[in-house]
Amino acid sequence: LYSFEIKTEKDLYFETVDIKWKSIFNVDQTFKIQVLQGKSPDGKKRSKFKNAMYLGQVVKDAIVDRFRKDVDKRPDVDKDDPDAPLLIRVEPNNNPHSQKETVTINLDMCGQALSNRGYRKVSVQAPLRENLAAGMVLKAGLGPDEDFYNPMCGSGTILTEGLLLKGEIPPSFLRVKNHLETGQRPWSFLSQNFYVKDKYLKQNTEKFFQEVLEQTALGMERLINNKSKNIAIDLDQRAVDSAKANLAAAGLESLAKLEKQDALNYEIPNFKGKIVVNPPYGERLEKENLEELYREFGERLKNSFKDSEAFVLTANLELIKKIQLQTKERMIIYNGNLESRLLHYNLF
């Protein structure tokens, strides 16, 4: 929305109070402020301001004061689901002698993270983000008619994202569906002034939402008529129950086989396709057990899934050696803050 330079917190207040905030959101709407302090573009300088929370308080006071001046009333803060989430970036410049820092004020049009699809009702410990699971399946190159196997499935995120990709179903279809059926707001922009006041933008967006539902219906039909296998297993019954609940929330429960099984001795007759897995890597198993798990799982892949491809995500780089298979590719992927590897194996 805006960008300006400051030297002090007072500069931040006076620049922010000068903005006509009622053009961005209404006084009866809520807002939230998040401050991120970055480095200079060359990466050599850190922001001199010590307290991001205090900077956020300064911005909040300026917004409230401007509304009081303009309409004699103040808007409220909502930390959970605000109408106008504001992201404030504060970054120094490259000049080592300059005290100035650049402030950028951004309007978050999403609110909730885009990776929250809306189907994950039950989770096991440390589940994969939905967008990371989708990225793994995309890297695997899963085709619409290929068999798909997700061992050690946890809460079923990889399986669900794989099915959505096989059916070419838009990942946010549930949020669109809930919006059209209940009026629920899945994204913040739907109540923001720039959108609400533009009738053509609203009409085109609602038309696009209908197209998303039509594409979803076609995708579901495509999956129903598809003869390829979609299978997920886990040794923990709670994980299997969690995956079933999430699959049901996405309306996909009849399109995959979910079972409590041990990936170290599970076989799928005539399987030829993609195996995508995120095995444990240290939180709950002893080192010796993990080494055995990876070694035996590598043997199972080699002996029971010939003419297929496996993609294994792990943050424990030492355990990679225990899968005694030749990697075709090693991709660096971040699982949250954990630097991980997505390993690609051709199984002969």
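Reader: How many aromatic pairs does a search of the whole structure find?

Author: The search finds twelve aromatic pairs, where a pair means that ring centres of Phe, Tyr or Trp (its six-membered ring) lie within 6.5 Å. This is a predicted model, in which local features need pLDDT of at least 70 and side-chain atom pairs count only at pLDDT 80 or more, while totals for chains, interfaces and linings use all residues. Residues are numbered from 1 along each chain as its sequence is written, and side-chain values use heavy atoms, with hydrogens and water left out.

Reader: Why is the aromatic pair formed by W187 and F189 called stacked?

Author: Ring planes under 30 degrees apart count as stacked, those over 60 as edge-to-face and the rest as tilted. The rings of W187 and F189 are 6.4 Å apart from centre to centre, with 20 degrees between their planes, so the distance is within the pairing limit and the angle is under the limit for stacking. Ring pairs also link W187 and F189 with Y195, F208 and F209 into a cluster. W187 and F189 are both buried, a term that stands for under 20% relative accessible area, with exposed meaning over 50% and partly exposed the range in between (1.4 Å probe, protein chains only).

Reader: What makes F67 count as buried, and what makes K48 count as partly exposed?

Author: F67 has a relative accessibility of 2%, which is under the limit and therefore counts as buried. K48, at 29%, falls in the intermediate range and so is partly exposed. F67 lies in helix α2, residues 52–71, whereas K48 is placed in the loop between β2 (30–37) and α2; helices (H or I, at least four residues) and strands (E, at least two) are DSSP runs numbered from the N terminus.

Reader: Which residues does F67 touch, not counting residues up to four places away in sequence?

Author: With those neighbours set aside, F67 touches W21, K22, F25, N26, V27, D72, K73, R74 and P75, where contact requires heavy atoms within 4.5 Å. The C-alpha atoms of F67 and K20, which are 47 residues apart along the chain, are separated by 8.5 Å. K48, again leaving aside neighbours within four places, is in contact with K7, Q99 and E101.

Reader: Which residues of α5 and α7 meet?

Author: On the α5 side they are F173, V176, K177, H179 and L180, and these meet E206, F209, Q210, V212, L213, T216 and M220 of α7. By class, this contact has seven nonpolar, three polar and two charged residues; Ala, Val, Leu, Ile, Met, Phe, Trp, Tyr, Cys and Pro count as nonpolar, Asp, Glu, Lys and Arg as charged, and the others, Gly among them, as polar. The buried residues of α5 are F173, L174, R175, V176 and H179, and what covers them includes α4 (157–166), α7 and α8 (237–249).

Reader: Where is M152 found, and is M152 buried or exposed?

Author: M152 is found in the loop between β6 (147–150) and α4, and its relative accessible area of 16% is under the limit, so M152 is buried. M152 has a positive phi of about 50 degrees although it is not a glycine.
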